[in-house]
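Please look over the model below before reading my notes.

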Amino acid sequence: MTVTTPVTATTPATTATPAAGPRPSATAADHTSAPAGDRTGARTPEAADVISGARERIDALDDRIIGLVQERMAVSAVIQEARISSGGRRVNLSREMEVLGHYREALGKPGTALAMTLLELCRGRI
Ligand SMILES: O=C(O)C(=O)C[C@]1(C(=O)O)C=C[C@@H](O)C=C1
């Protein structure tokens, strides 16, 4: 089986401190049909190696994504504080429509859901 590796960048996408924390430990379900000590679900050692390596890359990418989300939250807070201090409202719906459209164009319908989650992280629930 061939595993494609579309992401090749190795430089950090942000200077923000990655939010690395403890990862959940394996549950009993992870071990039901795999060799002892294997958490990949692979049926061969070769596949297990591919999966383990790719998972390390995913973990590193997730750390960068989390760092970018935290950076976005901080920048969004600057905007909201400036607007509120000037007498405006926290939320600007026309701008949110632009953000939603941007994500939808790039990622399709699930991109809209992702953008909505990001907006909620950045300005709270409305
Ligand atoms: O761009 C703004 O005006 C923001 O306040 C930032 C932001 C965002 O996080 O993208 C947050 C709240 C607004 O409702 C719209 C967008």
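1. Start with residues 45–126. The span is 87% helix and 0% strand, and its end C-alpha atoms lie 49 Å apart. Helices here are DSSP runs of H or I with at least four residues, strands are runs of E with at least two, and both are numbered from the N terminus. The UniProt record, an unreviewed entry, annotates residues 45–126 as "domain: Chorismate mutase". UniProt positions follow the numbering used here, feature names are shortened, and annotations may be inferred rather than shown by experiment.

2. Ground rules. Each chain is numbered from 1 along its sequence as written. The model is predicted: local features need pLDDT of at least 70, side-chain atom pairs count only at pLDDT 80 or more, and totals for chains, interfaces and linings use all residues.

3. Confidence. The protein averages a pLDDT of 83, and 73% of the residues score at least 70; pLDDT is the predictor's confidence in each residue, from 0 to 100. Over residues 1–18 the pLDDT is below 50, and beyond near neighbours in sequence this stretch has 20 contacts in the model. Residues 25–32 also have pLDDT below 50, with 3 such contacts. A contact means two C-beta atoms, placed from the backbone, within 7 Å. Where pLDDT is low, predicted coordinates should not be read in detail. The model scores ipTM 0.99 and pTM 0.76.

4. Helix α1. It has 41 residues and reaches 59 Å from first C-alpha to last, close to the 60 Å expected at 1.5 Å a residue. The expected span is 1.5 Å times one less than the number of residues. Just after α1, Gly87 takes a positive phi of about 100°.

5. Helix α2. Its 15 residues reach 21 Å, close to the 21 Å expected. The count of buried residues in α2 is 0. Buried means 20 or more other C-beta atoms within 10 Å of a residue's own; exposed means 12 or fewer; partly exposed is in between; C-beta atoms are placed from the backbone. Gly108 follows α2, with a positive phi near 80°.

6. Which elements give two or more residues to the shell around the ligand? The shell includes Ser76, Asn92, Arg95, Glu96 and Cys122. The elements in question are α1 (45–85), α2 (93–107) and α3. A residue counts as near if its C-beta atom, placed from the backbone, lies within 6 Å of the molecule.

7. Thr117. This residue lies in helix α3 (residues 109–123). Thr117 counts as exposed because it has 11 C-beta neighbours inside 10 Å.
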